[in-house]
Amino acid sequence: QLIFLFFIISINYLFPSIIANKNLEQEVLRVFIKNGSYKSLMVNSTHKAGDVCAMTAEKFGLGEYSDSFDLVDKQKKNIRRLDPNANVLKIKSTWPLILGKHGNETDKHCKFIMVPKRGTSEQIQRLYRKVNK
C-alpha cells in the first residue's frame, strides 16, 4: 500500500495535468462562417472564444489573421459577440433544447459563427469574403 501511495503522489507531482484534467469535457464543435460553411473542431472545457476563433481561422486558411475575428453566439434570432475569454462549452450548455418534428433541432437554431471584428481592415474583410464564396 505504501508503494501504491508513493506511485500516486509521484504521478501527481510529475504529471499534475493528468489528475487536474480528469473532469475535462470535450466535444466536436461546428463553427460556421456567414455563408453556412463550417469547420469541425475538437474543443474542451478549457477553450475560450478566442482559442476557438484562432483554431477556426487556421482551418479556413486565415490563421495569421486570427486576432481579427470574433466568435458570435447565435441562439434563434438572438446574436451576440463573445468576449475572447468566454468559455465556449459553458455557453453552449446554456442553449435551449429545441424539439421539432425530427427530435432535437437545437443545432439548426443555435450555432457559433466566426466573423470579422468591427473596424477590421478592408484587407481582412476581403479575405473573409473570399473564403465565404
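Helices (H or I, at least four residues) and strands (E, at least two) are taken as DSSP runs and numbered from the N terminus. The structure is a predicted model, in which local features need pLDDT of at least 70 and side-chain atom pairs count only at pLDDT 80 or more, whereas totals for chains, interfaces and linings use all residues. Residues are numbered from 1 along each chain as its sequence is written, and side-chain values use heavy atoms, with hydrogens and water left out.

Phe-60 is placed in the loop between α3 and β3. With a relative accessible area of 14%, Phe-60 is buried, where buried means under 20% relative accessible area, exposed over 50% and partly exposed in between (1.4 Å probe, protein chains only). When its neighbours within four places in sequence are left aside, Phe-60 is in contact (heavy atoms within 4.5 Å) with Val-31, Ile-33, Ser-37, Tyr-38, Lys-39, Met-114 and Val-131. The C-alpha atoms of Phe-60 and Lys-39 are separated by 7.8 Å, although the two residues stand 21 residues apart along the chain.

A lysine is also found over the face of Phe-32, where Lys-111 lies at 4.6 Å from the ring centre. The structure holds 3 aromatic pairs, a pair being rings of Phe, Tyr and Trp (its six-membered ring) with centres within 6.5 Å, counted as stacked if the planes are under 30 degrees apart, as edge-to-face if over 60 and as tilted for the rest. In one of them, the ring centres of Phe-32 and Tyr-38 lie 5.2 Å apart with the planes at 50°, so this pair is tilted. Phe-32 is buried at a relative accessible area of 12%, while Tyr-38, at 35% relative accessibility, counts as partly exposed. The rings of Phe-69 and Tyr-128 likewise form a tilted pair, with centres 5.8 Å apart and planes at 40°. This pair links distant parts of the chain, since Phe-69 belongs to strand β3 (residues 69-75) and Tyr-128 to helix α6 (residues 122-132), 59 residues apart. Both Phe-69 and Tyr-128 are buried.

In helix α3 (residues 49-59), the buried residues are Ala-49, Val-52, Cys-53, Thr-56 and Ala-57. Viewed down the axis of α3, these residues fall within an arc of 130° (taken from the directions from the helix axis to the C-beta atoms), so they line one face of the helix. The buried residues of α3 pack against β1 (26-32), β2 (38-44), β3, α4 (88-92) and β7 (110-116). The helix is followed by Gly-61, whose phi is positive, near 80°.

Asp-70 is located in strand β3 and is buried, with a relative accessible area of 13%. Not counting residues up to four places away in sequence, Asp-70 touches Cys-53, Arg-81, Ile-113, Met-114, Val-115 and Lys-117. The side chains of Asp-70 and Arg-81 are joined by a polar contact of 3.0 Å, defined as a pair of N or O atoms within 3.5 Å, of which, within protein, one must be able to donate a hydrogen and the other to accept it, residues adjacent in sequence counting only if both atoms are side-chain atoms. Cys-53 counts as buried at 3% relative accessibility, and Cys-110 is buried with a relative accessible area of 2%.

Terms used
A charge sits over a ring if NZ of Lys or CZ of Arg is within 6 Å of the ring centre and within 35 degrees of the ring normal.
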